[in-house]
Amino acid sequence: MKLSRSVSWFLLAFGIWSWFVWTTFVRNLWKDASGLAFDDAGDPTAYFWVHLLLAVTSLALGTAIGIVGLRGLRALRRGRRNA
């Protein structure tokens, strides 16, 4: 299957955006002072673990999608060289 140039760029941009958004979210979650992520004793709450799992899953999917986009761009470049 061949991806178009615009689809490949979109997938790559989505992967990069995912990393930007979710790493920022994890940093903010880690520094949470509102009492949602950590209880009074400083232990992580269920809110923390659920959102950390969400972030890790999103990072993994964003990485996979970005890799697909990067491979699509490389395939287009190779196809142009071989044509």
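Modeller: Happy to, and let's start with a definition: buried means under 20% relative accessible area, exposed means over 50%, and partly exposed is in between (1.4 Å probe, protein chains only). This is a predicted model, where local features need pLDDT of at least 70, side-chain atom pairs count only at pLDDT 80 or more, and totals for chains, interfaces and linings use all residues. Residues are numbered from 1 along each chain as its sequence is written, and side-chain values use heavy atoms, leaving out hydrogens and water.

Biologist: Thanks! Is Asp 40 buried or exposed?
Modeller: Asp 40 counts as exposed because its relative accessibility is 87%. You'll find Asp 40 in the loop between helix H1 (5-30) and H2; helices (H or I, at least four residues) and strands (E, at least two) are DSSP runs, numbered from the N terminus.

Biologist: And Phe 38, buried or exposed?
Modeller: Phe 38 also sits in the loop between H1 and H2, but with 19% relative accessibility Phe 38 counts as buried.

Biologist: What box do the C-alpha atoms fill?
Modeller: Roughly 65 × 15 × 15 Å, taken along the principal axes. Of the 83 residues, 25% count as buried.

Biologist: How far apart are Val 7 and Gly 69?
Modeller: They are 7.3 Å apart in space, C-alpha to C-alpha, and 62 residues apart in sequence. Val 7 lies in helix H1 and is partly exposed, at 35% relative accessible area.

Biologist: Which residues gather in the positive patch?
Modeller: Arg 5, Arg 71, Arg 74, Arg 77, Arg 78, Arg 80 and Arg 81 gather there, on the surface. Patch residues have over 30% relative accessible area and no salt bridge, with like charges joined within 9 Å and nonpolar side chains (Val, Leu, Ile, Met, Phe, Trp, Tyr) within 5 Å. A salt bridge is a side-chain nitrogen of Lys or Arg within 4 Å of a carboxyl oxygen of Asp or Glu.

Biologist: Where does the largest share come from?
Modeller: Helix H2 (residues 46-82), with six residues. Arg 71 is found in H2 and counts as exposed, at 59% relative accessibility.

Conventions: Accessible areas come from the Shrake-Rupley method with a 1.4 Å probe; for residues, only the protein chains shown count as cover. Lys and Arg count as positive and Asp and Glu as negative; His and the chain ends are not counted. The place of a charge is taken as NZ of Lys, CZ of Arg, CG of Asp or CD of Glu.
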